[in-house]
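Trainee: I've got this model open and would like to go through it with you. Let's begin with the backbone and work towards the side chains.

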Amino acid sequence: MNTPNHEIEHRSADGYLMLAIGIALPLLGFWLLIERAGPLTLLLLVAGVIACVLIFSGLYMLEPNQAAVLKLFGAYRGTDRSQGLRWANPFYSKSKLSLRTRNFVSETLKVNDHGGNPIEIAAAIVWRVEDTAQASFNVDNYELFVRVQSEAGIRHLASLYAYDNLDDSHPAEQLTLRGGSDIVAKGLKRELDQRLAQAGLAVDSATFTHLAYAPEIAGAMLRRQQAEAVLAARRKIVKGAVDMVEMALNGLSEKGLVELDDERRAAMVSNLLVVLVGEKDVAPVINSGSLYQ
């Protein structure tokens with residue numbers, strides 16, 4: 001007896017040929033009955049009609065990317081992936097499965113990331129049936145299995161990574177959900193491949209369709225991002241101002257335009273930094289005396 005651990009190929013007969021035979025047998029019986037009437041001819045006619053019924057019972061149609069799982073009194077006998085009109089043992093039960101690529105878009109799930117912050121996440125999974133025997137016999141409903149295992153895989157993967165780098169002490173290259181969504185999505189595909197393999201299903205791709213902080217902390221995280229943007233801008237301004245002050249002092253020294261002691265040099269640096277870094281326009285003050293008054 002074949003065990004349905006893996007798919008077994010079944011070679012079915014040409015349905016058009018069997019259809020022609022099924023039509024020809026009773027016609028031949030009727031012709032013999034007319035030409036040579038008798039008990040034997042009548043018996044041949046009845047046999048032809050029974051054969052015609054059996055042949056017609058074994059016919060079935062398969063579309064492209066469709067398969068038929070064949071069973072004989074509950075025992076798995078193979079899978080037919082042929083196209084068009086086919087014929088198999090009329091006592092076989094034929095369960096059709098679609099082999100087409102399908103999409104599953106998960107609901108927006110609220111989970112905690114690696115840092116314990118509540119986030120919302122959703123993903124689109126592209127999957128298909130790869131092994132019809134496992135899909136038919138290893139699980140009750142493989143479509144429900146995809147939905148449950150996909151959501152479980154998304155929840156598990158989200159808990160392995162932080163949404164974003166909240167701690168500046170962590171390296172900038174640390175993988176996060178927001179910064180490395182493409183790499184994390186590939187990890188999700190690998191995990192779903194492992195989860196769905198027992199049902200004979202294959203995952204072609206997995207992409208995130210929604211990724212955000214949960215509403216209860218979204219406002220606080222927005223303020224944090226705004227503060228980071230302000231700090232980055234100020235840091236860039238200060239760095240540029242320091243470079244300009246250094247260039248001014250070096251230029252004055254190289255050209256010998258003015259000699260400044262340490263105190264006046266510090267005062268000049270302070271004044272230049274105030275002018276360059278300040279957010280408001282600075283009103284100039286004219287010194288009518290000497291530099292040291």
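Trainee: Which residue takes a positive phi in the hairpin of β3 and β4?

Mentor: Keep in mind that this is a predicted model, in which local features need pLDDT of at least 70 and side-chain atom pairs count only at pLDDT 80 or more, while totals for chains, interfaces and linings use all residues. Residues are numbered from 1 along each chain as its sequence is written, and side-chain values use heavy atoms, with hydrogens and water left out. Strands (E, at least two residues) and helices (H or I, at least four) are DSSP runs numbered from the N terminus. The hairpin has 2 residues between its strands, and the one with a positive phi near 55° is Phe73.

Trainee: Is Phe73 buried or exposed?

Mentor: Phe73 sits in the loop between β3 and β4. Buried means under 20% relative accessible area, exposed over 50%, and partly exposed in between (1.4 Å probe, protein chains only). Since its relative accessible area is 74%, Phe73 counts as exposed.

Trainee: What is the phi of Asn65?

Mentor: Asn65 belongs to the loop between β2 (59-62) and β3. At 47% relative accessibility, Asn65 counts as partly exposed. Most residues other than glycine have a negative phi. Asn65 isn't a glycine but has a positive phi, near 60°.

Trainee: Which residue is the bridge partner of Leu70 in β6?

Mentor: Leu70 has partners in two strands. In β4, Leu70 stands opposite Gly78. In β6, the partner of Leu70 is Lys94.

Trainee: And which residue in β6 is the bridge partner of Gln66?

Mentor: Gln66 is part of strand β3, where 6 of 7 residues are buried. Gln66 counts as buried because its relative accessibility is 16%. Beyond four places in sequence, Gln66 touches (heavy atoms within 4.5 Å) residues including Lys96, Leu97 and Leu99. The bridge partner of Gln66 in β6 is Ser98.

Trainee: How far from Arg86 is the nearest side chain of opposite charge?

Mentor: Arg86, in strand β5 (residues 84-87), is buried but has no salt bridge. A salt bridge is a side-chain nitrogen of Lys or Arg within 4 Å of a carboxyl oxygen of Asp or Glu; Lys and Arg count as positive, Asp and Glu as negative, and His and the chain ends are not counted. Contacts of Arg86 outside four places in sequence include Ser12, Asp14, Tyr60 and Asp80. The nearest opposite charge is on Asp80, at 4.4 Å.

Trainee: How many aromatic pairs does the structure hold?

Mentor: Rings of Phe, Tyr and Trp (its six-membered ring) pair if their centres lie within 6.5 Å; planes under 30 degrees apart count as stacked, over 60 as edge-to-face and the rest as tilted. By that rule the number of aromatic pairs is 3.

Trainee: What geometry does the pair of Tyr76 and Phe137 have?

Mentor: This pair joins Tyr76 in strand β4 to Phe137 in helix α3 (residues 132-137), 61 residues apart. Tyr76 is buried at 2% relative accessibility, whereas Phe137 is partly exposed at 30%. The ring centres are 5.4 Å apart and the planes stand at 65°, so the pair is edge-to-face.

Trainee: What kind of pair do Tyr163 and Tyr213 form?

Mentor: Tyr163 is in the loop between α4 (142-158) and α5 (181-196), with Tyr213 in strand β10 (residues 201-213), 50 residues apart. Both Tyr163 and Tyr213 are buried. With 4.1 Å centre to centre and 50° between the planes, the pair is tilted.

Note on methods:
Two strands pair if DSSP finds at least two bridges between them.
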